[in-house]
Amino acid sequence: MKNEKTSRMHKRIALNLVVIILVANAVLTGFNVYLTVQFNQNLANLGFQSNTYNSTSVLIARADDANLGKPTTYFSLDGVIQQTTHYGMLYASIQVINSHYGALTIWLKDFNAAESEYLSPERLNDTEVSSADEKESHTYILAPGLNQPSPQLHLKAQVYLNSENFPPKGESVKFSLGHLSLEAEFLDFDTQTIVAKEFSAEIFIVLEMP
Amino acid sequence: MSKMTKTAKGLRTRLGFKVYILIAILIYTVVFSIVEITLYRSFRIFTWDLGVFNQALWNTLHGRFLYYTADIGIYTKTGSLLAAHFMPIILLALPPYAVCPTGETLLVISTLVVAIGALPAYEIANFFLKNEKTAAMLGIFYLLYPPLQGVTLSGFSAESFAVTLFFFIVYYLIKPDLKKLALVVPLGLLTHEASVPVIAFIALYGMLYHRSVKNKGFQASLVILAICVPFFFFAQNMRIFFGWTGSPSLWHEWALMGATSTSDLPLKIFLNPVGAWNSLTFDGLAKLAYLVVLLLPVLFLPLLGLRGVIPATPFLFISLLSGYRLYYSLEGHYTAFVVPFIFLGLLHALRRLQGKPRFRISILKLTKLILLACVISLIVLLPLIYSQYQIFNVAGEHDNIIRSFILRIPQNASVLTQSNIFPHISDRPDAYTIAPPIWSPEYERIDKEILQNLSKLNVKYVLLDFSSESSFVTTANLIYIDFIIPNWNEYGLVGAKDGVVLFCLKT
């Protein structure tokens, strides 16, 4: 008799537990649905807000000055150093406010070498700053809203030295190599309009005789 | 109304408790087909495989036997699906697919095939327990068993056929019904080359079950075992025949112990036991959780009937030694190699308990308890799986935009797109996609090679969705950067809306 009572009590406890678990799950699932619906509603509102900015995109671009540092390679002719190669990073910061999805592309336009006592005056125009990797441009796909990509461009500089004026051995000299022009272009996929912005960075190198 | 009641009663009398199984199969097929089609239409379902199967079967209907493009140069030189995996069983889906050749049809077929497994599950349970009511409950339990939902929700796959055929093989082997066994064993072998070791272990189980050499079932098991060994090599050779590149899986599942394929494993375990231990303990918590989730809905009872779990050992062995999470999670179709044998282990345990007079709870009550545990597990686990696919977050408007862009692509034009859109445009010979580059750096490298090769093919349309899920967005980004930008002068922007962008080759 007692055993029967105990087993009945156990059964009731088990049944109650199961019912509680089922109800809890049903409530949580309902809550999950509610939150998801609310999230979708918010998304729709955000979409509406972003539409109010409408079609024009705003593009702001700037780049820090870049120091490509000491030479990684020296080229010499008849024992006189003629040319050096430098590598380094250029950090740019872009801000785009756009109302549609689009692609932002950044590429190097041209380089204007500055005159310097350490650079060969005859080959000043041959001084070159280019992309160090295979990438000719950097592309970002941007979602509507404010986007702030920070591209890092790996640069390579080919420098022709003035063989008559080297810095003293053991000393390093930092000087400006010139200005690098870059262009940022934002293509709005929906309107197919392009907003472009030119910006530049001063490129420095450090010269040190081996 | 009375006519319907009479028919129902008639069916009940004629079919016994089996009628409940048939109703359950019908409900399961309808419910899960709706769920899968909803996922499919929201561009979210396991799209890689579905796109591949849709393209292979569509091409078969149009004269190019099981041809697909997604793995050309990776696993297949020729584009034949049989080079990637030897699974001619999928040709069984061809007649119904021919009636309505779409991804939705494939999803309904695979759901039905998985659901049919409840029939042999019921028959085996009845055979073991000699109680139709309990067997019917266990048949329904099988359909509610959460690891089975992984097979169903992963869309169309050869594993959907395997999971059901394994059951039929076990049933006809223990019965034994040699004629029907002679039909289902070859079908089982044709599901996937990975099914061969499982069927060999079913044969081992059959030998242990029948014991006596004089028993027909024992002899049949021996024959199956003898067939499996050469068939495994035959399947591998067929893959080579159809153009397999010989490339091992790009997932590098057993890289921790230096093995490149399953056939490498035994030797590597012997030569590198430390590596094997590291592999086993890698992601240990997830592996433990996997085992718990497999056994919890059956109240860990298969541990009392380990003999039934024997055929699951080949897959458990390779999955627990791997570092590839899909092998030891409920998502994906790989549980197909385990589910039938957990069920078989459960039946062994129930029969064992049935024979013990000291065990006070009746088997019927225990089965009810298991069913309840299974329902609770299903309620708890399914929302977790659903949340992954964001079933409640179907963005109807955005999906309509994708569909409207798909409609702008002429039926026979070549298309390149990301893998979540691929199943919807793969009903053409020249449909292309690439794997999400976030899968691995090796996939990214191969993707870039594929895009470079596609540049030479003058693909007419490129459809990208930059506002889909992150893995698909990375694919869209890669296609834009490595395909559209290098060919910028050749492609024009046809239209764009809400992140969906369509490019067309300029004429």
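In this predicted model, the two chains meet through a contact in which 18 residues of chain B face 17 residues of chain A. On the chain B side of this contact, the elements that contribute two or more residues are α20 (363-389), α24 and β4 of chain B, and among these α20(B) gives the most, with 5 residues. Sorted by class, the side of chain B that touches chain A consists of 13 nonpolar, 4 polar and 1 charged residues.

From this contact one can turn to how each chain is divided. For chain A, the domain assignment gives domain 1, covering residues 1-53, and domain 2, covering residues 58-208; the centres of these two domains of chain A, taken over C-alpha atoms, are separated by 57 Å.

For chain B, the assignment gives a domain 1 that is made of two segments, 16-247 and 283-389, and a domain 2 that spans 396-505. The C-alpha centres of domain 1 and domain 2 of chain B lie 34 Å apart, and the contact between them takes 20 residues from domain 1 of chain B and 18 residues from domain 2 of chain B. On the domain 1 side of this contact within chain B, helix α3 (residues 47-61) of chain B gives the most, with 8 residues. By class, that side of domain 1 of chain B has 8 nonpolar, 9 polar and 3 charged residues.

The next feature to follow in chain B is an open sheet of 5 strands, whose order is β2-β1-β3-β5-β4 (chain B) and whose pairing is mixed. Its edges are formed by β2 (431-434) and β4 (491-497) of chain B, each of which pairs on one side only, and from one strand to the next the twist averages 20 degrees. Within the sheet, strand β1 (residues 415-418) of chain B pairs with strand β3 (residues 461-465) of chain B in the parallel sense, over 3 bridges; L416(B) has V462(B), in β3(B), as its bridge partner.

Against this sheet packs helix α24 (residues 470-484) of chain B, which touches β1, β2, β3, β4 and β5 (500-505) of chain B, and whose direction makes about 140 degrees with that of β3(B).

Terms used: Residues numbered from 1 in each chain as written. Chains lettered and ligands numbered in written order. Predicted model: local features only at pLDDT ≥ 70, side-chain atom pairs only at ≥ 80, totals over all residues. Pairing = 2+ DSSP bridges. Helix = DSSP H or I, 4+ residues; strand = E, 2+ residues; numbered from the N terminus. Axes fitted to C-alpha atoms, helices over the stretch in contact; angles between N-to-C directions. Contact = placed C-beta atoms within 7 Å. Domains from an automatic or database assignment. Nonpolar A, V, L, I, M, F, W, Y, C, P; charged D, E, K, R; others polar.
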